[in-house]
Amino acid sequence: MILPVASKLKDLLGAETPSGWIRFMDAVHAEFPFLFNDGRPPKKDIENSEIGRAGYSSWGEYINKELEWNESQWRAWMRAYKVLLEFEYLRELELTASAINTAKQRAGKMNQPFPATRVEFLELKDAAAAEVERKREESMAQLKRDLEAVTEERDYLLGQVQAFNKLPWYKKLFFSFSV
């Protein structure tokens with residue numbers, strides 16, 4: 001038996017837009033607000049919700065069996081959704097949960113608070129893109145230096161082989177025994 005909330009959530013999980021996850025999380029937040037409190041949801045809340053009425057004793061079990069989804073994705077979406085609830089401007093940007101989580105990590109690594117405005121968020125995103133480009137250029141320069149070094153080594157070894165090939169046969173015989 002497909003339950004009404006489960007059916008709605010499954011439909012939202014299949015949304016093909018980058019921000020479809022937000023509609024899913026909004027629906028979960030509306031149906032199961034106790035999931036968004038810190039700590040483990042109280043047993044009575046689980047029992048009195050569609051989760052318990054469907055015969056499940058935990059949200060994780062409901063996710064896996066009823067929604068045919070996975071908990072690790074839920075946790076990633078939950079982290080992003082908590083940020084989204086704090087910074088509502090993120091809804092307008094239609095970001096993926098991954099993009100929000102990445103921005104949060106990036107801000108943390110820079111010892112900065114999460115951007116409070118859309119403009120600050122876009123500045124952080126631009127700074128991150130510039131850093132990626134700088135690292136890419138640095139990496140390309142190193143690859144070119146490595147290629148030049150390998151080419152030099154190859155040319156030296158080819159020269160050695162050519163010099164060896166120019167030796168008279170009796171000197172080549174000496175090299176074959178000395179190796």
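Guide: Let us begin with Glu92, which is exposed, with a relative accessible area of 53%. Here buried means under 20% relative accessible area, exposed over 50%, and partly exposed in between (1.4 Å probe, protein chains only). The model is predicted: local features need pLDDT of at least 70, side-chain atom pairs count only at pLDDT 80 or more, and totals for chains, interfaces and linings use all residues. Residues are numbered from 1 along each chain as its sequence is written, and side-chain values use heavy atoms, with hydrogens and water left out.

Visitor: Which residue does Glu92 meet in a salt bridge?

Guide: Side chains of opposite charge can pair when their charged atoms come close. A salt bridge is a side-chain nitrogen of Lys or Arg within 4 Å of a carboxyl oxygen of Asp or Glu. The partner of Glu92 is Arg118, at 3.1 Å from N to O. Glu92 lies in helix α7 and Arg118 in helix α9 (residues 118–166), so the pair ties together parts that are 26 residues apart in sequence. Helices (H or I, at least four residues) are DSSP runs, numbered from the N terminus. Arg118 is partly exposed, at 38%.

Visitor: How many salt bridges does the structure hold?

Guide: The structure holds 12 salt bridges. One of them joins Asp26 to Arg91, with the closest N and O atoms 2.9 Å apart. Asp26 belongs to helix α2 (residues 20–31) and Arg91 to helix α7 (residues 90–93), so this pair links parts that are 65 residues apart in sequence.

Visitor: What separates Arg134 and Glu131 in helix α9?

Guide: Being three residues apart in that helix, Arg134 and Glu131 are separated by about one helical turn. Their side chains form a salt bridge at 2.6 Å, N to O. A network of salt bridges links Glu131, Arg134, Lys135 and Glu138.

Visitor: Which residues touch the most other members of the largest nonpolar core?

Guide: In soluble globular proteins, nonpolar side chains tend to be buried together. A nonpolar core is a set of buried Ala, Val, Leu, Ile, Met, Phe, Trp, Tyr and Cys residues joined through side-chain atoms within 4.5 Å. Here the largest core has 41 residues, of which Phe24, Phe32, Trp59, Tyr62, Trp74 and Leu90 touch the most other members. Helix α6 gives the most to this core, with seven residues.

Visitor: What does Phe32 touch?

Guide: Leaving aside residues up to four places away in sequence, Phe32 touches Val5, Leu9, Ser49, Glu50, Ile51, Trp59 and Tyr62. Contact means heavy atoms within 4.5 Å.

Key. Helices (H or I, at least four residues) and strands (E, at least two) are DSSP runs, numbered from the N terminus.
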